[in-house]
Amino acid sequence: MADSAVARLWRALKEVEDPEIPVSVVDMGLIVSIDYSDACAKLKITYTAMGCPAMDMIQDDIRARLLREPDVSSVDIEVVWDPVWTHRRLSEAARDSMRDLGISV
């Protein structure tokens with residue numbers, strides 16, 4: 001149950017986009033880990049910079065999306081800075097989208 005729930009949570013997070021760039025938080029490499037137990041989704045996330053102005057918005061969007069999933073009644077988000085975010089965390093889909101927008105990656 002937990003493994004399939006975690007896979008479902010990863011899929012749900014693909015729908016949450018970075019508010020500054022139309023790329024999912026998964027493809028941006030912001031999601032470090034996901035765990036699920038006792039109806040609680042537990043995430044470790046990082047950001048591209050400590051001063052990211054969209055931190056609260058991203059966390060609100062993550063919570064809102066995951067709370068729509070069956071059997072999720074709470075979402076705990078821990079912001080971590082290790083591992084440090086680098087462009088290497090971007091998926092190929094994110095790189096393609098960013099290039100289409102004229103952003104060098």
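This is a predicted model: local features need pLDDT of at least 70, side-chain atom pairs count only at pLDDT 80 or more; totals for chains, interfaces and linings use all residues.
**View 1. Strands E2 and E3 are joined in parallel.** Strand E2, residues 40-45, runs parallel to E3, and 6 bridges join the two. Within this pairing, Lys-42 is the residue that stands opposite Asp-76 of E3. Helix H2 packs on the sheet, where the helix touches E1, E2 and E3, and the direction of H2 makes about 150° with that of E3.

**View 2. The sheet is open and has three strands in the order E1-E2-E3.** The 3 strands form an open sheet in which the pairing is mixed. Strand E1 (31-37) and E3 stand at the edges, and because each has a single partner strand, one side of each is left without a neighbour in the sheet. From one strand to the next, the twist averages 15°. As a rule, strands of a sheet pair through backbone hydrogen bonds, in either a parallel or an antiparallel manner.

View 3. The side chain of Glu-69 makes a polar contact with the side chain of Arg-65, at 2.9 Å. When residues up to four places away in sequence are not counted, Glu-69 touches Arg-8, Leu-9 and Ala-12.

View 4. The number of disulfides in the structure is 0.

**View 5. The whole chain, shown for context, follows the pattern α-β-β-α-β-α.** This pattern is the one read along the sequence, and the chain contains 3 helices and 3 strands. The radius of gyration of the chain is 14 Å, close to the 13 Å that the globule rule gives for 105 residues, so the chain is as compact as a globular protein of that length. The C-alpha trace spans about 40 × 25 × 20 Å along its principal axes. Of the 105 residues of the chain, 41% count as buried, and among contacts between residues at least 6 apart in sequence, 59% join residues at least 24 apart.

Notes:
Residues are numbered from 1 along each chain as its sequence is written. Side-chain values use heavy atoms; hydrogens and water are left out. A disulfide is a pair of cysteine sulfur atoms within 2.5 Å. A polar contact is a pair of N or O atoms within 3.5 Å; within protein, one must be able to donate a hydrogen and the other to accept it, and residues adjacent in sequence count only if both atoms are side-chain atoms. Contact means heavy atoms within 4.5 Å. Two strands pair if DSSP finds at least two bridges between them. Helices (H or I, at least four residues) and strands (E, at least two) are DSSP runs, numbered from the N terminus. Axes are lines fitted to C-alpha atoms, for helices over the stretch in contact, and angles run from 0 to 180 degrees between N-to-C directions. The radius of gyration is taken over C-alpha atoms; the globule rule is 2.2 Å times the number of residues to the power 0.38. Buried means under 20% relative accessible area, exposed over 50%, partly exposed in between (1.4 Å probe, protein chains only).
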